Amino acid sequence: MIKGEKINPLEVFKVRRVEFCPPYFEQHTFPTRYNLSQAMIEWIEHNMAGRFYIGSTLELDDQSNIRSSTKVAFEKLSEMSYFMLACPYLKYN
């Protein structure tokens, strides 16, 4: 039973975390240095209410080398801003 919290319909239907990143989501990539994806997912689920995407992607760096990155995207710009300011796991990147 949930005490004092509103029920989030996205949680009920299990559609908060999307399987792919839609083009209209606000997104940012971080170099993958540690395996923090699961910790970030738990932080997002606890502190945010909207839909989000998190997953691995490949990018080219400045010297045209391929590197693994973690892409985080949110449907709302305000949630992306809050994530960038408040997520404690970003200090490791």
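Which residues does Arg-16 touch, not counting residues up to four places away in sequence?

Modeller: The model is predicted, so local features need pLDDT of at least 70 and side-chain atom pairs count only at pLDDT 80 or more, whereas totals for chains, interfaces and linings use all residues. Residues are numbered from 1 along each chain as its sequence is written, and side-chain values use heavy atoms, with hydrogens and water left out.

With residues up to four places away in sequence set aside, Arg-16 touches Asn-8, Leu-10, Glu-11, Ile-44, Glu-45, Met-48, Ala-49, Gly-50, Arg-51 and Phe-52; contact means heavy atoms within 4.5 Å. Arg-16 is placed in the loop between H1 and E1; helices (H or I, at least four residues) and strands (E, at least two) are DSSP runs, numbered from the N terminus. Arg-16 counts as buried because its relative accessibility is 3%; buried means under 20% relative accessible area, exposed over 50%, and partly exposed in between (1.4 Å probe, protein chains only). The Arg-16 side chain also reaches the backbone oxygen of Gly-50, at 3.1 Å.

Arg-17 lies in the loop between helix H1 (9-12) and strand E1 (26-31). Its relative accessibility is 37%, so Arg-17 counts as partly exposed. From Arg-17 to Ile-7 the C-alpha to C-alpha distance is 16 Å, with 10 residues of separation in sequence.

The surroundings include a sheet. It is open, has 3 strands in the order E1-E3-E2, and shows antiparallel pairing; two strands pair if DSSP finds at least two bridges between them. E1 and strand E2 (52-60) stand at the edges with a single partner strand each, so one side of each has no neighbour in the sheet. On average, neighbouring strands of this sheet are turned by 30° against each other, direction ignored; axes are lines fitted to C-alpha atoms, for helices over the stretch in contact, and angles run from 0 to 180 degrees between N-to-C directions. E2 and strand E3 (residues 66-74) run antiparallel and are joined by 9 bridges. Helix H2 (residues 37-47) packs on the sheet and touches E2 and E3, its direction making about 145° with that of E2. Helix H3 (residues 77-86) likewise packs on the sheet, where it touches E1 and E3, and its direction makes about 25° with that of E1.

Key:
Polar contact = N/O pair within 3.5 Å; in protein donor to acceptor, adjacent residues only side chain to side chain.
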